[in-house]
Amino acid sequence: MPETPDRFPLPPEARALVLGSWQRVVPLADVFALTLYRRLFERAPHLRELFHTDIGTQGRRVFEALDALVGAPADWAAIEPGLVKLGRRHGYVGVKPQDFADLAWALHRTFEDILGEAYPAPVRDAWGRLLGAVSVAMIRGMEEMGDAAKDCDTARFFRTPPELR
Ligand code: HEM
C-alpha cells in the first residue's frame with residue numbers, strides 16, 4: 001500500500017520540518033510545557049481561570065497530545081474524529097474559538113524561546129499549518145456542541161493574522 005500523505009493537511013516536506021523541530025524539544029518536555037503556559041497567560045491572562053488542573057500536569061497532557069499528533073500516521077481521516085471530540089470537551093470547559101489564535105501565538109513563542117535560530121520561518125509556517133488544521137477540527141467539535149461557539153466566525157479565526165504567526 002502506498003502512503004497517502006495527500007490526505008494529511010501537510011505535504012511531506014512540511015511534515016518533516018514539524019517532526020524535526022519536535023524531536024529537538026522532546027528531551028525538554030517539561031520546560032516546553034511550562035513555557036507554553038507562561039507564554040499563553042502572558043498573551044491572554046483571562047484564560048488562566050479556565051484551568052483547574054495544575055499547570056505541570058496540564059502541560060504534560062498537551063505535550064502528549066501534540067506528540068501523538070506529530071507522530072501519527074499520515075492519515076488525517078484517522079486523526080480528525082479524536083480532535084473533534086477533544087474540541088467538544090474544550091467547549092464544555094469554556095474555551096472559545098478565538099482562543100486558538102492565542103495558543104498558536106504561545107506555541108510559536110515557545111519554540112523560539114527554546115530553539116532560537118533553529119526555528120526558522122519555514123518551520124514556523126509548517127507548525128502554523130498543522131495547528132490551523134487541528135484548530136479547525138477542534139472548533140468543529142465546539143460548534144457541534146452549540147453555545148460556546150455560536151457567535152463566532154470560524155473561518156475568520158483560521159486565517160491567523162500575521163502578527164500571531
Ligand atoms: C492545539 C490545540 C490544543 C490541544 C492539542 C489541547 C489539548 C488538551 C488536552 C489533551 C487536554 C486534557 C483534557 C482532555 O483530554 O479533555 C486539554 C484540556 C484543556 N485545555 Fe486544551 N488543547 C488545545 C487547545 C486549547 C486552547 C486554545 C485552550 C484555551 C485556553 C485550551 C484550554 C484547555 C483547558 C481549560 C483544559 C482543561 C484543563 C483542566 O482540566 O483544568 N486548550 N487540552
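These legends go with a few close-up views of a predicted model.

View 1. Follow the protein chain from the N terminus and you pass α-α-α-α-α-α-α. That comes to seven helices and zero strands. Of its 165 residues, 29% count as buried. Among contacts with a separation of 6 or more, 82% join residues 24 or more positions apart.

**View 2. Where helix α2 crosses helix α3.** Here α2 (residues 29–43) meets α3 (residues 55–70), with axes that come within 9 Å and cross at roughly 105°. An angle of 65 to 115 degrees counts as roughly perpendicular, so that is how α2 sits relative to α3. On the α2 side, the contact is made by Ala29, Phe32, Ala33, Leu34, Leu36 and Tyr37. From α3 come Ile55, Gly59, Arg60, Val62 and Phe63. Sorted by class, this contact has nine nonpolar residues, one polar and one charged.

**View 3. Helix α4 and its buried side.** Helix α4 takes in residues 76–92, 17 residues in total, and reaches 24 Å from first C-alpha to last, close to the 24 Å expected. Its buried residues are Ile79, Leu83, Gly87, His90 and Gly91. They share one side of α4 because they cover an arc of only 115° around the axis. Their packing partners are α3 and α6 (121–145).

**View 4. The other face of α4, and what follows the helix.** Turned away from the buried side of α4 is a face that carries the exposed residues Ala78 and Pro81. Just after α4, look for Gly94, which takes a positive phi of about 100°.

Technical notes
Residues are numbered from 1 along each chain as its sequence is written. This is a predicted model: local features need pLDDT of at least 70, side-chain atom pairs count only at pLDDT 80 or more; totals for chains, interfaces and linings use all residues. Axes are lines fitted to C-alpha atoms, for helices over the stretch in contact, and angles run from 0 to 180 degrees between N-to-C directions. Helices (H or I, at least four residues) and strands (E, at least two) are DSSP runs, numbered from the N terminus. Angles under 35 degrees count as roughly parallel, over 145 as roughly antiparallel, 65 to 115 as roughly perpendicular and the rest as oblique. Two residues are in contact if their C-beta atoms, placed from the backbone, lie within 7 Å. Ala, Val, Leu, Ile, Met, Phe, Trp, Tyr, Cys and Pro count as nonpolar, Asp, Glu, Lys and Arg as charged, and the others, Gly among them, as polar. A residue is buried if 20 or more other C-beta atoms lie within 10 Å of its own, exposed if 12 or fewer, and partly exposed in between; C-beta atoms are placed from the backbone. The expected span of a helix is 1.5 Å times one less than its number of residues. The arc is that of the directions from the helix axis to the C-beta atoms.
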